[in-house]
Amino acid sequence: MEQMLEDLKRIEAEAKSRFEQVGKQEELNELRVKYLGKKGELTAILKGMGKLSGEDRPKVGQIANEIRQSLEEVISAKTKELKEAALKRQIEEEKIDISLAGTKLEAGHIHPLTRIIDEIKEIFLGMGYEIGEGPEIENDYNNFEGLNLPKDHPARDMQDSFYITEDTLLRTHTSPMQVRTMAAKVPEYPVKVICPGRVFRRDDDATHSPMFHQVEGLVIDENISMADLKGTLLKVMKQLFGEDREIRLRPSYFPFTEPSTEVDVSCGICGGKGCRTCSDTGWLEILGAGMVHPNVLEMAGYDSSKLQGFAFGLGVERIAMLKYGIDDLRVFYDNDIRFLGEF
Ligand code: FA5
């Protein structure tokens with residue numbers, strides 16, 4: 001028995017000192033198995049207890065249990081210590097140096113054309129207009145026939161189109177929104193709406209793009225005259241380009257308006273005196289407009305003897321070109337960051 005107690009004390013002392021020196025949790029686990037595991041040294045000694053007398057056995061058993069318990073306590077204290085050290089190390093390693101320069105994220109901004117459309121919307125909202133939207137793929141009726149342009153009408157040639165089927169095409173202007181708006185509202189009035197959107201034509205040069213933007217305007221009410229049209233457009237142009245601007249109405253032709261007019265705005269570069277930008281005229285063409293043709297009102301179901309209307313179609317790219325002094329509209333679609341960054 002003496003020998004056994006001595007062995008136990010020796011194992012206890014050795015195990016404790018090794019447990020305490022350990023630096024990693026895995027090593028501690030291995031040592032635990034070595035001393036306290038099923039095939040461990042403490043267990044090996046206890047297996048020899050059979051040889052002891054009945055009197056000695058419980059004493060040795062009790063001492064062995066105390067040793068096991070005290071070693072377990074050392075292990076759990078050490079485990080706690082290792083965990084804390086590991087956490088401290090991790091915190092040290094993951095520390096962020098907030099004084100370091102970061103990677104700069106370039107914020108984008110709104111495209112100049114979208115900005116013009118937003119400005120136009122704001123101006124008309126301020127005058128009590130609603131804003132409408134419609135499909136870019138249209139049927140022949142909305143794009144042409146409902147606008148007083150029957151199938152064989154020569155004015156269709158002014159808007160060479162992309163057809164999908166014989167009856168379906170990419171809309172060539174936003175004017176089909178007049179037909180759609182009237183169909184949705186009839187017989188109600190007044191109607192006061194603008195409809196911005198993309199349109200498509202077989203055009204392609206410095207001032208004509210195959211895809212461009214228009215803003216359609218439509219007003220229907222009693223006692224509407226050309227004076228209302230002119231007053232509205234003058235107010236809008238002054239807000240868009242500056243209070244010093246004037247507008248000029250020139251006679252024109254659109255099958256869906258009568259009378260029809262082309263609207264020019266005074267050149268901001270020369271102040272109306274004449275320069276290269278305005279081809280020495282002092283004026284720049286900006287939109288088409290007119291009084292809604294009685295046929296168009298009647299086709300939509302409105303009584304043209306009681307109601308009148310005016311309509312207009314602004315070219316958004318044209319406005320952006322004039323406002324920003326750009327002579328080739330293709331730059332709006334090139335996605336060249338050097339150009340877009342200028343705005
Ligand atoms: C029309 O599209 C008519 N729907 C406008 C209208 C509406 C008249 C309501 C009367 C009543 P026009 O084809 O002129 O008209 O086009 C209107 C504007 O769109 C032009 O003044 C021009 O600024 C712009 N535009 C026309 N074609 C192109 C193109 N290919 N690229 C860029 N802008 C264009």
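A molecule is taken to sit in a pocket if more than half of its atoms lie within 2 Å of the grid points of that pocket. In this predicted model, the ligand sits in the largest pocket. The shell around the ligand comprises 26 residues, and the closest of these are His 173, Ser 175, Arg 201, Asp 203 and Ser 209.

For Ser 175, a polar side-chain atom lies 2.8 Å from a nitrogen atom of the ligand. For His 173, the distance from a polar side-chain atom to a ligand nitrogen atom is 2.9 Å. An oxygen atom of the ligand lies 3.0 Å from a polar side-chain atom of Gln 214. Taken alone, the ligand exposes 680 Å², of which the protein buries 94%.

At least two residues of the shell come from each of β5, β8 and β9. Strand β8 gives the most, with five residues.

Strand β5 spans residues 211-221, and nine of its eleven residues are buried, so this strand is largely enclosed by the rest of the structure. Burial here refers to a relative accessible area under 20%. Strand β5 pairs with two strands described here. With β4 (residues 191-200), the pairing is antiparallel and extends over ten bridges; within it, Lys 192 has Val 219 of β5 as its bridge partner. With β9 (residues 308-315), the pairing is again antiparallel, over eight bridges, and Asp 221 stands opposite Gln 308 of β9.

Strand β8 covers residues 283-292. Eight of its ten residues are buried, so β8 is likewise largely enclosed by the rest of the structure. Strand β7 (residues 257-266) pairs with β8 in the antiparallel sense over eight bridges, and in this pairing Asp 264 stands opposite Glu 285 of β8. Strands β8 and β9 also run antiparallel and are joined by five bridges. The bridge partner of Gly 288 in β9 is Gly 313.

Key:
Residues are numbered from 1 along each chain as its sequence is written. This is a predicted model: local features need pLDDT of at least 70, side-chain atom pairs count only at pLDDT 80 or more; totals for chains, interfaces and linings use all residues. Side-chain values use heavy atoms; hydrogens and water are left out. Buried means under 20% relative accessible area, exposed over 50%, partly exposed in between (1.4 Å probe, protein chains only). Helices (H or I, at least four residues) and strands (E, at least two) are DSSP runs, numbered from the N terminus. Two strands pair if DSSP finds at least two bridges between them. A residue is near a molecule or strand if one of its heavy atoms lies within 4 Å of it. A polar contact is a pair of N or O atoms within 3.5 Å; within protein, one must be able to donate a hydrogen and the other to accept it, and residues adjacent in sequence count only if both atoms are side-chain atoms. Accessible areas come from the Shrake-Rupley method with a 1.4 Å probe; for residues, only the protein chains shown count as cover. On a 1 Å grid over the protein atoms alone, a cavity is a set of points where a 1.4 Å probe fits but cannot get out, and a pocket is an open set with protein on both sides within 12 Å along at least five of seven lines; lining residues have an atom within 4 Å of a point.
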